Amino acid sequence: MSRKALEDMKYETIKAHMLDPDHSLLPADLSNLLDRIVSLSKILDKNPMQKQAIALHRIKYPEIVTSVAYEDMRLCLKLFNTIHTFDFDFWQTWLINDIIGNIMECRKGNTDKDRRVISMEHTNLLKAIGEKPENLEDPKRTEKHQFYILIQNNNQQIKLDLDSLQNLPTAAIRELNRLIYGGNEITDVDAEQIMNS
């Protein structure tokens, strides 16, 4: 039988361990791992640089090797909400799987209480997934419209089609640029001075 990973443990089991570690239902190895990860998350809150956090973590737990410390870091960033990183996709997947697991367990029993729980979990699932949008965005919407650039020069407005502007030769674009900006083209030396300032 394969050993369960910490990520596969139920939320209630982890919460019970956090609240009362003396009567934890977690196996000893997962209990120690969870304690190390909680400690590392506290270190990360004060020292967000991962390399420094690993060094402090190794000082607190000298019996672990560097590879184990980095594995602790990976789990810490994955399981615990910190102000620096939070994997919303992992969290949402975990939440949805837990809700589905509850629904499957309640379907085995066919009591009124089970049906109420299923109803509540369907509501929670709808909140977690979100409702289907009424109108999906059309990916080809920009192809259906014609876009213009309005240029105003001496109280005269010129309307340029973006597609036709894109197809102009380079010399015509330079001439248009010179006319718009009054012939004040900058040289490479001027551009370098602007970038260095």
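## Salt bridges in a predicted model

Glu-105 and Lys-108 are three residues apart in helix H5 (residues 88-108), so about one helical turn separates them. Helices here are DSSP runs of H or I with at least four residues, numbered from the N terminus. The side chains of Glu-105 and Lys-108 meet in a salt bridge, at 3.3 Å from N to O; the term denotes a side-chain nitrogen of Lys or Arg within 4 Å of a carboxyl oxygen of Asp or Glu. Lys-108 is exposed, with a relative accessible area of 66%. Exposed means over 50% relative accessible area, buried under 20%, and partly exposed in between (1.4 Å probe, protein chains only).

The model is predicted, so local features need pLDDT of at least 70 and side-chain atom pairs count only at pLDDT 80 or more, whereas totals for chains, interfaces and linings use all residues. Residues are numbered from 1 along each chain as its sequence is written, and side-chain values use heavy atoms, with hydrogens and water left out.

The structure holds four salt bridges, including those tabulated here.

| Pair | Closest N and O atoms |
|---|---|
| Arg-36 and Asp-72 | 2.7 Å |
| Glu-71 and Arg-74 | 2.5 Å |

Arg-36 forms its salt bridge with Asp-72. Arg-36 lies in helix H2 (residues 28-46) and Asp-72 in helix H4 (residues 66-79), so the pair ties together parts 36 residues apart in sequence. Arg-36 is buried at 14% relative accessibility, and Asp-72 is buried at 1%.

Glu-71 and Arg-74 are three residues apart in helix H4, and about one helical turn separates them. Glu-71 is partly exposed at 35% relative accessibility, as is Arg-74 at 38%.

Terms used: Helix = DSSP H or I, 4+ residues; strand = E, 2+ residues; numbered from the N terminus.
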